[in-house]
Structure formats: structure tokens, C-alpha cells
Amino acid sequence: MDTQNIGRRIAYWRERRGFTQGDFGRLMGKSRRWVQDLEGGQRQADPRLSVLQRAADVLRVPLERLVTDRTTPDPSHTAALPAEAAALVDSLHAPARGGNIVPVVDLRRRVTFCCRAWESCHYAAAARDLPSVLADAHRTATTSDEAAVLLSRAYQLTASLLFKYGALARTPAVLAADRALAAAEVAGDPVAIGAAARRVARGLIHQQRHGAAAEYATTTADTLRTDLERSGAAGLSTLGMLYLVAAVGATGTGRSPQTVATATEQLGQAGEVAEQQGEHGADFTNFGPANVQLHAVDVLLRLDDAWSAVEAAQRIDGGVVAGLGRERQARHLVTTARASALTRRREDATRDLLEAERLAPEEVRRPSVTRLVGELTELVPTPGPELTGLARRCGLRA
């Protein structure tokens with residue numbers, strides 16, 4: 001067994017999972033100093049196999065990854081942004097360059113097209129149009145509150161799209177979310193403010209500030225609740241999504257009685273809003289009872305309960321899920337694939353990833369999903385042609 005660099009590899013996977021040394025120590029039942037010594041190679045030259053197995057379980061990686069240097073390259077560090085997304089990032093540095101004041105009805109049509117492209121997982125098409133939409137929206141936003149709302153929505157979509165690329169586009173995505181909130185506040189529209197605040201909360205999660213994200217989303221939801229409930233389906237969808245992002249944020253500090261209780265409470269709040277609204281959400285949120293169920297699966301997985309996540313996913317009516325947008329369906333399939341991989345249901349994981357690719361190829365090409373595909377090829381002793389083909393299409397060596 002190659003033990004010389006085990007501490008370094010544990011540190012690598014700990015950081016990849018977003019754990020501090022203190023977090024990892026608590027999950028291992030050890031002190032922070034113990035983790036420091038282990039990662040620094042000072043604890044023991046040959047850690048006991050039981051300790052390594054426990055570390056592998058906590059880090060959710062195969063034991064082999066801690067004892068050998070076989071690691072799948074992280075796409076977020078080895079790949080570049082797609083050309084359209086990179087151009088969108090560049091456009092944020094000069095948002096009004098070349099923009100024109102245009103009729104609000106035309107601006108609304110263009111923003112709606114980008115939203116529909118997003119919902120259908122045509123991310124490149126949305127990214128291609130957004131720079132010109134943002135430029136014209138900036139110039140037009142001064143003419144009316146409705147135009148300012150459209151500027152906010154364009155920035156909201158920009159943030160959501162860039163968050164797809166993880167560390168590659170985290171900073172510009174956070175910038176876009178902040179600009180979306182500023183434009184919404186200028187317009188004074190509670191739905192736009194709530195929708196933009198959801199992207200700000202997502203940005204906090206991407207920055208590993210999970211507690212701040214949960215608190216911010218919950219406070220915003222509670223503050224805007226009366227106004228959002230008066231705003232019809234769009235307001236209720238926005239309110240429910242704020243509670244859902246709060247539930248996701250609550251899971252970020254690891255599994256504990258407190259985090260489980262907080263996440264469950266936020267899911268319950270979202271469920272109550274979904275009952276008020278019904279199944280048909282608004283504003284491209286896909287919010288409704290089905291989306292709450294899908295988030296419950298995601299929350300269980302984030303709380304390191306992959307078996308329960310698999311069971312919860314199996315209880316969801318497939319017909320209801322099929323009624324959601326392709327982006328939401330594909331994300332759920334990626335979640336269930338992660339849960340299946342962690343519970344050694346590798347054929348199920350492969351099946352779900354292939355179905356996600358069928359629905360939304362661009363979703364499966366994202367860095368975090370490509371990384372999952374790479375990990376799955378290492379978990380399967382003899383990958384079949386379907387999995388190796390998927391890996392090759394994701395740019396991985398199979």
C-alpha cells in the first residue's frame with residue numbers, strides 16, 4: 001500500500017468536499033490537531049486500515065483513492081469555460097457597451113427567449129444572446145420600472161447560468177446576482193427582489209458560506225412573504241424557492257441534529273407554499289409539490305444519507321417529474337445518480353446519467369457532472385460501453 005502521501009490525499013479530498021479540518025475531525029470523532037498531524041504526515045506512517053476506511057466513508061470516495069494516486073482530473077481546474085459562457089463573463093465588465101434603448105415589449109420577448117433556452121438546457125444559446133440583452137436592458141432600465149425588472153431578470157439568468165460552471169465562473173456569477181438584486185430594488189418589485197435574493201443566496205452557497213445563505217434566504221422570505229403571497233403564482237413560486245434554497249444552505253455544515261431540523265423546517269415551509277400555489281409554478285421556477293420532493297432528495301444526499309435519498313427518489317411519481325422542465329429533470333437525475341453511486345448501485349447511476357444526457361447534453365457536460373462520470377468509471381471494475389462512451393463524450397479518458 002502506498003502510504004507516503006495518504007495525508008496529502010486526505011487533505012485534497014477534504015477540501016474538495018468543503019470540510020474544514022475541524023469539520024472533518026468531528027466527523028471522524030477526532031480533534032482538529034489529529035487531522036493536522038494526519039495530513040501533515042506526522043500522525044503515523046501507516047494509518048490503520050479501519051481509519052482509512054472511515055475517512056473514505058466520510059469523504060465519500062473509494063478507499064483506493066486514499067491509498068493510490070489514481071485521481072480523475074478535476075474539470076473545474078483543467079478545462080476552460082465554453083466560448084459562449086466566457087464571452088458572457090467578459091460582457092459583465094462593460095454591461096452597457098453598445099446598448100440601445102429598445103421597446104419594453106421587445107426586451108421582454110428577448111429575456112423570455114433566454115429563459116426558455118435555459119429551461120430547455122440550451123445554455124450556449126442563452127449565453128450567446130445575454131450580452132446584447134444585458135446591454136440593451138441597461139440602457140432601457142431607466143425608462144420604466146418594468147424595464148428595470150427585465151434587467152434584473154436578465155442578470156438573474158446570467159447568475160444561474162454561470163453558477164453551472166462552479167469555480168470557473170463563481171466570481172462573475174456572484175457579481176451578476178448582486179446586480180440583479182440592485183436592479184430589482186430600483187424597480188421596487190417584490191417578486192424580482194425575492195428572485196434575485198435567491199441567486200444571492202446561491203452565491204453564498206457556492207462561496208461555502210452555507211449558514212449565511214440559509215439565514216439570508218429565510219430572512220428574505222419572511223420579510224417579503226406578505227407581498228409575495230399577494231403577487232399570485234409568480235410570488236408564491238418565488239417564496240417557495242427561497243425556502244428551498246434555505247434548506248439547501250442549512251445542509252452545508254454537515255449532518256447534525258440541528259442541521260437536519262433546520263433543513264426539514266425549511267422544506268416544510270416550502271411545502272406549505274406549494275400547497276397554496278398548486279403544481280403549476282411560474283417565472284420558470286418549476287416550483288410546486290414535485291419540486292419540493294426533488295429538493296428533499298437533494299437535501300438527504302447533502303446530509304450524507306444517500307440510502308434515504310435513493311428511497312425518497314423512488315417514492316416520487318415519475319409522471320409528475322416528467323412534467324417539469326428539462327433543466328430540473330436533468331438536475332434531479334444527476335442527484336439520483338450521485339446517490340446511487342454512493343450506495344453502490346452503479347448500474348442505476350449510469351442509467352440516470354445517460355437519461356440526463358438524453359434530456360440535456362449540456363447539463364451533463366458541466367464540470368461537477370463530468371467529475372461524477374469520472375468517479376463512476378473508477379468505481380466500476382469493468383465499465384461497459386455505455387459508461388465509457390459517456391465518459392468520452394464528457395472529454396474523459398475511458
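**Helix α16**

I started with helix α16, residues 289–302, in this predicted model. Helices here are DSSP runs of H or I, at least four residues, numbered from the N terminus. I counted 14 residues in α16 and a reach of 20 Å from first C-alpha to last. That is close to the 20 Å expected at 1.5 Å a residue, where the expected span is 1.5 Å times one less than the number of residues.

I then listed the buried residues of α16 (buried: under 20% relative accessible area, 1.4 Å probe, protein chains only). They are Ala290, Asn291, Val292, Leu294, His295, Val297, Asp298, Val299 and Leu301. What covers them? I found α12, α14, α15, α17, α18 and α19 among the covering elements, with contact meaning heavy atoms within 4.5 Å. Just after α16, Asp304 has a positive phi of about 65°.

**Ground rules**

I number residues from 1 along each chain as its sequence is written, and side-chain values use heavy atoms, without hydrogens and water. Local features need pLDDT of at least 70 and side-chain atom pairs pLDDT 80 or more, while totals for chains, interfaces and linings use all residues.

**Helix pairs**

I looked at α17 and α19 next. Their axes come within 8 Å and cross at roughly 135°. Axes are lines fitted to C-alpha atoms, for helices over the stretch in contact, and angles run from 0 to 180 degrees between N-to-C directions. The two helices are therefore oblique to each other (under 35 degrees is roughly parallel, over 145 roughly antiparallel, 65 to 115 roughly perpendicular, the rest oblique). The crossing of α17 and α19 is left-handed (near helix turned anticlockwise from the far one by less than a right angle; clockwise is right-handed). On the α17 side I noted Ala306, Ala309, Val310 and Ala313. They meet His332, Thr336, Ala339, Ser340 and Leu342 in α19.

I compared α2 (21–28) with α4 (49–59). They pack at about 120°, axes 10 Å apart. That makes α2 oblique to α4. The crossing of α2 and α4 is right-handed. Phe24, Leu27 and Met28 of α2 meet α4 residues including Val51, Arg54 and Leu59.

**Cores**

I looked up the nonpolar cores (buried Ala, Val, Leu, Ile, Met, Phe, Trp, Tyr and Cys joined through side-chain atoms within 4.5 Å). The largest has 95 residues. Leu161, Leu162, Phe287, Leu353 and Leu376 have the most contacts inside it. Helix α10 (145–163) gives this core its largest share, twelve residues. A second, separate core of 18 residues includes Ile10, Trp13, Phe19 and Leu38.

Definitions and conventions: Buried means under 20% relative accessible area, exposed over 50%, partly exposed in between (1.4 Å probe, protein chains only).
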